[in-house]
Amino acid sequence: MSLGTYFDQLEHDVLAAMRKPSKLYWTALAVSAAAFALGLGCWGWQIYEGLGVAGIRSPVGWGVYITDFVFWVGIAHSGTLISAVLFLFRAKFRCSFNRSAEAMTVIAVMTAGLFPLIHLGRCWFFYWLMPYPNQRHLWVNFRSPLIWDVFAVSTYFTISAVFFFVGLIPDLAIARRRFTGWRHWVFRILSLGWQGTAEQWKHYAWLYMFLAAFATPLVISVHSVVSWDFAMSVIPGWHTTIFAPYFVAGAIFSGTAMVITLVVPMRRILGLDNYITVDHFEAIAKILLFTSLIVSYSYIVEFVLAWYSGNPFEIAHFSFRAVGDYKYLYWLMLFCNGLLPLTLFVKRLRRNLKYLFVLSLFVNVGMWLERFVIIVTSLARDFDPYNWGNYAPRFVEIGVTIGSFGMFFMLFLIFTKMLPVLAIAEVKEHAS
Amino acid sequence: MIREYKFDDKAAFLHKLEELVRSGVHPRRLTVTTPFHVHEVEHILHLRPSRLKLFTLIGAAAGLTAGFAFTIGTALDWPLRTGGKPIVALPTYIIVAFELTILFGGVISFLGFLFLSRFPDIPTIVAGTECGPEFIIREDTGEAV
């Protein structure tokens with residue numbers, strides 16, 4: 001096949017994915033939208049009744065909402081890893097995943113951003129988080145990790161959105177040429193008048209490199225800051241220096257699993273088997289395995305640090321984690337995140353997409369549980385036995401969590417029909 | 001008069017481009033469009049490195065300065081000692097300054113890209129000029145049609 005014919009075929013195949021949706025697509029969209037509506041309903045109920053309808057109360061003041069926040073910020077991370085870090089390392093397989101991963105990042109940060117507001121209870125006071133002087137001319141406390149989080153997450157969202165849009169520009173110009181009607185006009189405006197001249201490509205290449213170079217330390221800083229929301233306190237199980245790298249590795253681990261969860265069915269439904277190959281999935285599976293090993297190592301280090309510190313509160317806390325009231329969740333987490341991914345050492349399993357898909361679901365569950373276990377067990381058993389108490393999420397919290405998954409999948413499904421799901425220009429570059 | 005050469009193949013396109021430049025055609029008289037970024041074009045046409053890095057540097061420096069100025073300035077605006085920490089707690093302000101360095105650096109780089117590439121290119125958007133999947137060289141011969 002000549003290069004010209006291949007380019008034509010590539011454009012046709014990728015953009016064909018944006019044509020009329022199938023029944024399966026509509027069903028998936030309807031289910032996601034229903035889940036999202038359930039979440040909105042639960043949130044509305046909580047706003048109407050007050051935060052008391054949720055299960056969070058003293059001593060466990062951070063529950064499922066903060067678990068969800070950390071989980072979704074973590075999911076966002078692999079988008080930046082695949083787009084930026086693998087770009088800087090010149091990993092060619094990234095171009096099969098980067099567009100979906102970048103979209104996933106933007107959507108996941110949007111989802112994550114809702115949780116501090118939901119957790120606030122009186123969400124209409126969200127602007128208290130913003131750095132502005134209040135009526136007493138008192139500014140926010142920049143020494144608080146919660147304020148760092150505001151800066152980190154909003155910067156992350158902005159840079160991810162810019163990175164996503166910049167990567168799309170050449171492909172929007174292709175879509176502009178291939179579509180007619182209202183879509184043609186939308187792409188015509190969004191592609192900004194892109195012509196692909198040498199000057200435009202020159203500036204574009206520099207911009208892409210700078211954004212990748214900015215996004216790489218950003219991705220590390222964001223989850224480090226999220227981890228410091230916990231580590232800066234003195235609560236047993238939280239107050240440890242390992243938290244930042246542990247959280248960053250966990251974030252990339254969970255995000256990579258979510259990429260597999262999304263891209264395996266997307267590839268099948270949109271007929272992109274020729275462009276997203278088993279080799280590409282194998283490369284992603286290796287990242288999953290590698291980050292799983294780092295996470296498993298962190299689980300061990302946490303226990304060793306508690307034991308070696310000789311601190312009775314730390315030792316008691318970690319004993320509680322392993323054999324206390326939440327032990328089943330802890331061991332299930334270990335099974336999903338530490339044990340099951342070890343099977344990826346077997347090449348045959350790394351190349352089996354059905355297996356990878358099922359494994360990725362387990363990892364998603366495991367990583368959600370990891371955050372739940374870290375957050376809840378520490379608050380349930382701190383220093384003073386008179387201040388101990390267990391927590392279980394109530395209906396609204398479960399509903400809002402289901403709603404967040406609904407929102408995430410709904411927006412991702414809309415993305416697959418509105419924008420090119422593969423970085424066409426980049427695939428062309430590698431093919432040439 | 002504009003002479004146009006179209007190629008499906010990158011190697012043939014680069015060969016022709018090199019040939020034109022070697023035959024004495026000034027790079028300014030050549031307009032090249034490609035379906036993806038071809039590094040070699042910049043060398044052949046002797047294009048100067050993008051000035052985008054200037055925007056990036058200014059943006060990042062502005063973000064860093066703003067980050068420290070904002071945190072230190074507000075802390076001094078109403079000195080309030082909490083938790084036994086110093087009024088100006090620099091290690092904690094590094095995080096805010098770091099995030100703003102990236103935020104300003106990234107956003108100003110993007111604005112710089114729009115400025116240098118003359119985006120959004122309204123006349124092209126209105127005219128609906130398309131760019132195809134081919135490698136194209138347009139040579140302005142300078143002759144009247």
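**Exercise 1. Find how many residues of chain B are in contact with chain A, and see which elements they come from.**

Solution. Start with the count: 53 residues of chain B are in contact with 52 residues of chain A, where contact means that the C-beta atoms, placed from the backbone, lie within 7 Å. This is a predicted model, in which local features need pLDDT of at least 70 and side-chain atom pairs count only at pLDDT 80 or more, while totals for chains, interfaces and linings use all residues. Residues are numbered from 1 along each chain as its sequence is written, with chains lettered from A and ligands numbered from 1 in the order in which they are written.

Next, look for the elements of chain B that give two or more residues to this side: strand E2 (30-33) and helices H2 (39-44), H3 (52-77), H4 (90-116) and H5 (122-127). Helices (H or I, at least four residues) and strands (E, at least two) are DSSP runs, numbered from the N terminus. H4(B) gives the most, with 15 residues.

Finally, sort the chain B side by type: 25 nonpolar, 17 polar and 11 charged. Here Ala, Val, Leu, Ile, Met, Phe, Trp, Tyr, Cys and Pro count as nonpolar, Asp, Glu, Lys and Arg as charged, and the others, Gly among them, as polar.

**Exercise 2. Work out the strand order of the open sheet in chain B.**

Solution. Three strands of chain B line up as E1-E3-E2, with antiparallel pairing (two strands pair if DSSP finds at least two bridges between them). The edge strands, E1 (2-7) and E2 of chain B, each pair on one side only.

Now follow one pairing: E2(B) and E3(B) (residues 135-140) are joined over four bridges. Within it, B:Leu30 has B:Glu139 as its bridge partner in E3(B).

**Exercise 3. Describe how helices H3 and H7 of chain A pack.**

Solution. Begin with the geometry: H3 (residues 64-88) and H7 (residues 198-231) of chain A pack at about 155°, with axes 9 Å apart. That makes H3(A) roughly antiparallel to H7(A), a term for angles over 145 degrees.

Last, check the residues in this contact: 13 are nonpolar, six polar and none charged.

Notes. Axes are lines fitted to C-alpha atoms, for helices over the stretch in contact, and angles run from 0 to 180 degrees between N-to-C directions. Angles under 35 degrees count as roughly parallel, over 145 as roughly antiparallel, 65 to 115 as roughly perpendicular and the rest as oblique. Two residues are in contact if their C-beta atoms, placed from the backbone, lie within 7 Å.
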